[in-house]
Amino acid sequence: MQIAIFGTGYVGLVLAATMSDVGQDVTCVDVDVEKIAGLKRGEVPIYEPGLEALVRDNQAAGRLTFTTDPAVGVASASIIFIAVGTPPEEDGSADLRHVLSVGEMVGTLMQEPKIIINKSTVPVGTADRVKATVTARLAERGLTGLEFDVVSNPEFLKEGAAVADCMKPDRIILGVETAGGRSEQLLRELYGPFNRNHDKILVMDVRSAELTKYAANCMLAAKISFMNEMAHLADKIGADIEKVRLGIGSDPRIGYHFIYPGVGYGGSCFPKDVRALISTAREHGIDPMVMEAVNNRNNHQKTLLFDKIRARFGSDLRGRTFALWGLSFKPNTDDIREAPSRTLMEALWAAGAHVRAYDPKAMKACQEAYGDRPDLFLAQSQEQALEGADALVLVTEWKSFRSPDMAEIAAKLKQPVIFDGRNIFDPAMAAGYGLEIVGIGRSSRMQPETL
Ligand code: UDX
């Protein structure tokens with residue numbers, strides 16, 4: 001099949017790579033001239049395991065092409081994916097400018113029937129707006145009879161596992177105008193290679209599909225925020241949240257997934273989507289009490305490690321240096337959007353401290369975000385970050401941080417304390433090296449904290 005994908009971010013590029021890999025002819029369209037030029041040279045602008053090889057191989061095989069010209073994309077394909085960004089507006093609602101501009105382009109350029117598929121995370125009702133946009137452009141051109149469908153097909157990939165998620169999806173949601181119609185049939189065919197063993201396709205109406213995406217992300221964010229609140233309580237009352245996590249996760253109704261307490265969720269999806277759904281609820285006259293609480297807890301959680309550092313070192317951190325392990329919002333990505341590491345670094349700097357940061361993949365992103373500043377040292381290795389530091393703060397649970405040389409850490413730090421924002425270290429084991437672990441919700445091993 002011939003498909004065009006507008007937008008070469010995480011969603012668009014991974015979709016393009018995986019679709020071309022199973023033999024589809026894919027044209028990627030993006031307005032970013034430099035990005036497209038780079039992609040043509042095989043340069044993938046994001047770090048995502050397995051993606052670079054897929055882009056290179058399928059480009060070499062001629063199945064994957066890149067262009068800045070929307071006319072080429074629209075002419076080449078009967079199936080057009082919208083995978084452009086939906087950045088937040090000031091009030092938290094999603095900015096649909098890019099999504100609707102693809103609708104404008106398709107309506108202006110299409111000459112034969114098309115299926116337009118929305119992959120971007122968009123508020124309920126966006127498919128209708130895309131439909132109206134295309135219809136208006138066709139009417140202007142006197143082509144009111146030209147057929148097209150708008151389908152909602154939200155993406156559920158996780159950064160760091162995006163290629164694998166796309167190739168082995170849990171479910172494929174198709175929000176269609178007519179169940180059993182031509183769009184559904186074509187999409188079933190298109191997703192055939194990823195829909196083996198058992199049928200993962202769920203067909204529903206367009207609005208339900210649009211809401212499914214937000215509901216999934218907000219439910220997951222709610223699980224995390226709930227656990228973060230329990231961890232806070234555990235700190236106060238002298239319980240160990242890690243024991244509680246296992247205790248509740250063993251109930252299949254709760255499950256073990258997404259109940260890891262930590263420094264708060266970040267990334268391009270959860271924070272933005274929770275705020276966007278709050279905004280949608282308000283627009284419809286509903287008080288989004290649960291989602292407000294999820295959002296508030298997360299904002300608070302991002303400041304928690306700093307509070308713990310202050311409780312230990314005092315409010316004036318001038319002359320102090322902290323080693324920081326992990327900048328990306330989670331492992332296996334170089335993405336630092338809404339990362340808890342940023343909230344922490346900014347608070348440390350504001351209190352006069354210096355930061356020696358290390359991340360396996362996000363050093364460049366950090367340099368781009370903060371540039372050269374005297375209170376930030378970008379270390380070449382996790383060991384180098386420790387040199388001259390008062391304490392170590394772990395923010396992201398990259399594999400390489402999981403079993404470090406504790407003796408070396410104890411020798412390098414001025415004070416034998418690790419603030420473990422992800423509860424990856426065993427406090428008893430660390431104690432054997434004379435190191436104290438200050439975790440999230442683990443005060444049962446020590447005196448209840450004052451926080
Ligand atoms: C998420 C959804 O999982 C995915 O389905 C959707 O398409 C996009 O949003 P992503 O943002 O890539 O994916 O990351 P995810 O692995 O879900 O983690 C999100 C954040 O939650 C991270 O900051 C992570 O550290 C945090 N998290 C996750 C926790 O704090 N505790 C947990 O138990 C799980």
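Because the model is predicted, local features need pLDDT of at least 70 and side-chain atom pairs count only at pLDDT 80 or more, while totals for chains, interfaces and linings use all residues. Residues are numbered from 1 along each chain as its sequence is written.

Start with the helices, where helices (H or I, at least four residues) and strands (E, at least two) are DSSP runs numbered from the N terminus. Helix α9 (residues 206–237) and helix α12 (residues 289–301) have axes that come within 9 Å and cross at roughly 55°. Those axes are lines fitted to C-alpha atoms, for helices over the stretch in contact, with angles running from 0 to 180 degrees between N-to-C directions. α9 and α12 are therefore oblique to each other (under 35 degrees is roughly parallel, over 145 roughly antiparallel, 65 to 115 roughly perpendicular, and the rest oblique). On the α9 side the contact is made by C218, A221, A222, S225, N228 and E229, and α12 brings V290, M291, V294, R297, N298 and Q301; two residues are in contact if their C-beta atoms, placed from the backbone, lie within 7 Å.

As for annotation, UniProt (an unreviewed entry) puts the feature "binding site" at D30, K35, T86, T121, E159, K272 and R337. Positions are in the numbering used here, feature names are shortened, and annotations may be inferred rather than shown by experiment. These positions span 308 residues in sequence and their farthest two C-alpha atoms are 24.0 Å apart, so they do not all gather at one spot.

Take T121, which sits in the loop between β5 (114–118) and α6 (126–140). T121 is buried, as 23 other C-beta atoms lie within 10 Å; the cut-offs are 20 or more for buried, 12 or fewer for exposed and partly exposed in between, again with C-beta atoms placed from the backbone. Setting aside neighbours within four places in sequence, T121 touches T86, P154, K213 and D273 by the contact criterion. E159 belongs to the loop between β6 (148–152) and α7 (162–167) and is buried too, with 23 other C-beta atoms within 10 Å. Beyond four places in sequence, the contacts of E159 are Y10, G267, K330, T333 and D335.

Finally, L100 is part of helix α5 (residues 97–109) and counts as partly exposed, with 19 C-beta neighbours inside 10 Å. With neighbours within four places in sequence left out, L100 contacts R129, V130 and T133. From L100 to Q380 there are 280 residues in sequence and 43 Å in space, C-alpha to C-alpha.
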